[in-house]
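Subject: Handing over the structure

Hi there,

Here is the structure I promised to pass on to you. Have a look at it first, and my notes on what turned up follow below.

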Amino acid sequence: TVAPFDVDEEVNPDDNDSEGWRKVVLTLYDEKCKDDDAKANPQYGTEKGTVTVMLKVEKPAKSSSSSSSSSSSSSSSSSSSASASASSSVGDKRGATEAGMEDREGVKQNKTKNPPQINLLELKQKAERERGVEKPIRERTAPLSHLSYKEQLRLKEQYGVTMARQLTRAVYSKASSSLATKEVIPKWCRIPYTFRKNGIPLDPILPPPEHARERYRNKCEFSIARNKENEPEVGFVVLVRQNEPQVEAPDSVPVVPDAMKAVCARMRKLVRESPLPVYSRKEQKGFWRLLMLRVSERTRQLLVLVQTTSSHSPQRPEAKQAVMEALCGTGGETGCAFSGFRVTSLFWQMSDSISDTLGQGTPELIFGSPFLTEHLLGLNFRIAPLAFFQTNTAAAETLYGKALGLLLSERAEAEKEEEETGEGEGVETKRRMLLLDICCGTGTIGLCAAGGEIEW
């Protein structure tokens, strides 16, 4: 008699051998146990243990008439076929098991009948192979943009599951080996091994609103360097050769708003006409270095920060004036408009750091407001040029709304439990929840939580 079994389809890619061997974990169950058993799986019965086998994975044979091809296709649960006697025996057992359980309700469907065209391991290997190779700027900055959005979500969800599994295993292993009692092991990792090996359970991935899937970045940093034609350019680094970055304009990058692309084009024209040179990372000399932009889709404001070196001090006032005229106009309190956004803040920063970073030097406000205003979950946030703020405002609302909803739901359940048990009788039953907003940046999480009656 063959016991029911389930294949662990979320095998850690690091456990797989590069020469084609794949580790497969089989979880065995006892059919005779009742579903109401405390440790029973409602679909299969009680878990009896796990068996780990190694299967040799080969490419499917081209000819369907080949005997090895036909036998391997019946024994494999993915697009790859597994050879040798071990694979055929596993296939026979799986076929027998599925035949014996096909009348059960809720039988787990085989998710690998239509295998994905790409997975995280393939993406990682591709990135390693192409390290140092020149790529189109779209592929360099948005490597998943050639896939359908549904496939992008699937890959990101797979990544989240992998991280959750590794975190759960690591915390449980560290806690159980160094602490005397299991009671102090975090509650979220004190779950049956069957589930712990796959990590803490996660809710399905939440996509942002459709309008926030392209041109959603509310902050970008652009290097001022030279392109492959050796002309001054404002954009993203696509290649570094001999410590000198090669930059390409962001025109084809789908996540950059049109207003930012327009500002980059205006700055490119200014830098090319300027008598001051762009900064050379190799020679560590020059003037123009970086351009940082923040935008708010909801207030239509645009904050600009231009970074230069401290050199060429006699020409610096003229350079500042040229930037102000190009981005803010020749007068008045409102700046120039770019694709429906208007420059409301212009900062100047000097840095002689070897690396390209905005962390060096205090920005000097030379035009407009000292902050950009953004709306999030009914609140108005004032964002300084160097402050941290989520780069996709609409996605941040989706994320924060879900997280705060879970917090409030947990508190409501605790209050209800106290009422049912009588523990809260005669006292105020409204529970107080303390939230620590660590590394809070602009403070979006804590401030949004305060609106939900959570102390922070």
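Let me start with Arg-272, which is partly exposed at 38% relative accessibility (partly exposed lies between buried, under 20% relative accessible area, and exposed, over 50%, with a 1.4 Å probe and protein chains only). Before going further, please note that this is a predicted model, where local features need pLDDT of at least 70 and side-chain atom pairs count only at pLDDT 80 or more, while totals for chains, interfaces and linings use all residues. Residues are numbered from 1 along each chain as its sequence is written, and side-chain values use heavy atoms, with hydrogens and water left out.

**Salt bridges**

Arg-272 forms a salt bridge with Glu-233, their closest N and O atoms being 3.6 Å apart (a salt bridge is a side-chain nitrogen of Lys or Arg within 4 Å of a carboxyl oxygen of Asp or Glu). Because Glu-233 lies in strand β7 and Arg-272 in helix α7, this pair ties together parts that are 39 residues apart in sequence. Helices (H or I, at least four residues) and strands (E, at least two) are DSSP runs, numbered from the N terminus. Glu-233 is buried, at 7% relative accessibility.

Arg-272 also meets the side chain of Glu-231 in a salt bridge, at 3.7 Å from N to O. Here too the pair links distant parts of the chain: Glu-231 sits in the loop between β6 and β7 (232-241), 41 residues from Arg-272 in helix α7 (residues 258-273). Glu-231 counts as partly exposed, at 36%. Together with Arg-268, the residues Glu-231, Glu-233 and Arg-272 are linked in a network of salt bridges.

A search of the whole structure finds 15 salt bridges. Another of them joins Glu-397 and Arg-298 at 3.0 Å, N to O. Glu-397 is in helix α9 and Arg-298 in the loop between β9 (288-296) and β10 (301-308), so parts that are 99 residues apart in sequence are tied together. Both residues are partly exposed, Glu-397 at 22% and Arg-298 at 36%.

**Two buried residues**

Glu-374, in strand β14 (residues 372-376), is buried yet has no salt bridge; Arg-298 is the nearest side chain of opposite charge, 4.8 Å away (Lys and Arg count as positive, Asp and Glu as negative, and His and the chain ends are not counted). What does the side chain of Glu-374 make polar contacts with? One partner is the side chain of Ser-296, at 2.8 Å, and another is that of Thr-393, at 3.1 Å. A polar contact is a pair of N or O atoms within 3.5 Å; within protein, one must be able to donate a hydrogen and the other to accept it, and residues adjacent in sequence count only if both atoms are side-chain atoms.

Thr-442 is in the loop between α9 and α10 (444-450) and is buried, with a relative accessible area of 19%. A polar atom of its side chain lies 2.5 Å from the backbone oxygen of Phe-388.

**A pocket**

The second largest pocket holds about 1,200 Å³ of space. On a 1 Å grid over the protein atoms alone, a pocket is an open set of points where a 1.4 Å probe fits, with protein on both sides within 12 Å along at least five of seven lines; lining residues have an atom within 4 Å of a point. Its volume is the space filled by probe spheres set on the points, which are joined across faces, edges and corners. Of its 45 lining residues, those closest to the centre are Tyr-149, Lys-156, Leu-206, Pro-208 and Ala-395. Helix α9 gives the largest share of the lining, nine residues.

Best wishes
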